[in-house]
Amino acid sequence: MVVMMSTNPRATVTPPATFVIIPTYNEANNLPAIVSALFALAIDNLHIVIVDDNSPDRTGDVAERLRRTHPRHLHVMHRPGKLGLGSAYRDGFRFALDQGADLIIQMDADFSHSPAYLTEFLRHIQTCDVVVGSRYVEGGRLDRNWSWWRHLLSWWANAIYARIILGLGVKDATAGFKCWRRATLEAILAYPIRSNGYVFQVEMAYLAQRLGFHTQEIPIYFEDRRAGRSKMSNRIKIEAAWRTWLLRWRYRQVRPLARPAPAPAQSPNGAPGRS
C-alpha cells in the first residue's frame with residue numbers, strides 16, 4: 001500500500017498538540033464545513049489529519065484546497081483506494097504519533113460527531129486514558145430520524161452482543177468519537193489490530209479494557225449525517241458479528257499493564273490553533 005502525504009515539511013509541532021483524525025470517503029460536501037468548525041474552536045495547537053481513500057467525489061482535491069488555506073495545521077493522507085475504516089484510523093494515528101501528538105481525537109466528517117464536544121473531551125481526558133462520546137449513557141441521544149430498526153440494531157450490538165460476549169464495561173462499544181492519550185494509543189497499537197470495518201471500534205475498546213486503561217463515557221447527541229450516504233453495508237455488519245467472537249479468543253491472555261496512575265494530560269486550551 002502506498003500512502004501519499006500532503007503536509008508542510010517546514011511546519012513544526014510544538015507540544016502540547018491535539019490531532020484530530022478524520023477518515024473520508026465521498027465527503028466532499030461535508031469536509032469544508034467540518035474543518036471550519038474545528039478550527040473555530042478555542043483549542044490551541046490543533047491539527048487535523050484527513051485520511052482519504054481516493055474518493056470518487058474528489059474529496060481528496062477538496063482536502064488539498066483546505067490544506068493550502070491551513071498549511072501548518074492541516075495534513076492530508078491520500079490512499080490508493082477504499083482500504084477500510086480501521087486501516088484509515090491506524091494510518092492516521094501513527095502519523096499523529098510520529099508528529100508528536102499528545103492527544104488524538106477520532107471522529108467522522110459528516111457532523112454525526114459534533115465538533116462542539118471537543119472542549120469537553122479535553123477537559124475529561126485530564127482524569128482518564130480515553131474519553132468516549134457515547135450514545136448509550138444517561139443523557140446520550142440518537143437522531144430521532146433513525147428508523148426503529150436502526151435504533152434496535154445499534155442498541156442490540158452495543159448493549160447485548162458486544163457487552164455479553166466480551167464483558168465490555170463501555171456501553172457504546174461501536175462509538176467512533178473518542179479522545180486518546182498518547183501513551184494509551186501507543187500501548188494499544190503495539191498489538192496487531194486487524195479489524196477494518198466498524199468492529200475496529202469494538203477491538204480498540206476491548207483491548208483498552210484488557211490492558212487496564214480507564215475509559216470515561218460522556219453523553220453526546222448523535223446526529224444523522226448532514227450530506228452523503230452511510231458507509232455501513234451488510235458485509236461490514238457480518239464482519240462485526242463474527243469478529244467479535246474472534247477478539248475474545250485473540251486477546252484472552254492480555255493482562256492489565258503495570259503502570260503508575262496517569263498524570264494530568266496537557267490539554268491545549270486557549271486561542272484557536274493558527275494556520
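Buried means under 20% relative accessible area, exposed over 50%, and partly exposed in between. The model used in these exercises is predicted.

**Exercise 1. Find how Arg182 and Glu186 are placed, and classify each one**.

Step 1. Both residues lie in helix H6 (residues 182-189), 4 residues apart, about one turn of the helix.
Step 2. A salt bridge joins Arg182 to Glu186, and the closest N and O atoms are 3.1 Å apart.
Step 3. Arg182 has 26% relative accessibility, so Arg182 counts as partly exposed.
Step 4. Glu186 has 38% relative accessibility, so Glu186 counts as partly exposed.

**Exercise 2. What does the side chain of Asp102 reach?**

Step 1. Locate Asp102. It sits in the loop between helix H3 (85-98) and strand S5 (103-106).
Step 2. Look for a charged partner. Asp102 is buried yet has no salt bridge. The nearest side chain of opposite charge, Arg182, is 6.2 Å away. A salt bridge needs the nitrogen and oxygen within 4 Å.
Step 3. Look at the backbone. The Asp102 side chain reaches the backbone nitrogen of Ala17 at 2.7 Å.

**Exercise 3. Which residues line the largest cavity, and how is Lys178 placed among its neighbours?**

Step 1. Search the whole structure. There is 1 cavity of 30 Å³ or more. The largest cavity has a volume of about 50 Å³.
Step 2. List the lining. It consists of Val130, Val132, Val170, Lys178, Trp180, Ala205, Ala208 and Thr215. Strand S6 (130-134), strand S8 (178-181) and helix H7 (199-210) each give two or more residues.
Step 3. Sort by class. The lining has 6 nonpolar, 1 polar and 1 charged residues.
Step 4. Turn to Lys178, in strand S8. Lys178 is buried yet has no salt bridge; Asp172, the nearest side chain of opposite charge, is 8.1 Å away.
Step 5. Follow the Lys178 side chain. It reaches the backbone oxygen of Ala175 at 3.5 Å and the backbone oxygen of Gln201 at 3.4 Å.

Methods
Residues are numbered from 1 along each chain as its sequence is written. This is a predicted model: local features need pLDDT of at least 70, side-chain atom pairs count only at pLDDT 80 or more; totals for chains, interfaces and linings use all residues. Side-chain values use heavy atoms; hydrogens and water are left out. Buried means under 20% relative accessible area, exposed over 50%, partly exposed in between (1.4 Å probe, protein chains only). Lys and Arg count as positive and Asp and Glu as negative; His and the chain ends are not counted. A polar contact is a pair of N or O atoms within 3.5 Å; within protein, one must be able to donate a hydrogen and the other to accept it, and residues adjacent in sequence count only if both atoms are side-chain atoms. On a 1 Å grid over the protein atoms alone, a cavity is a set of points where a 1.4 Å probe fits but cannot get out, and a pocket is an open set with protein on both sides within 12 Å along at least five of seven lines; lining residues have an atom within 4 Å of a point. Grid points are joined across faces, edges and corners, and a volume is the space filled by probe spheres set on the points. Ala, Val, Leu, Ile, Met, Phe, Trp, Tyr, Cys and Pro count as nonpolar, Asp, Glu, Lys and Arg as charged, and the others, Gly among them, as polar.
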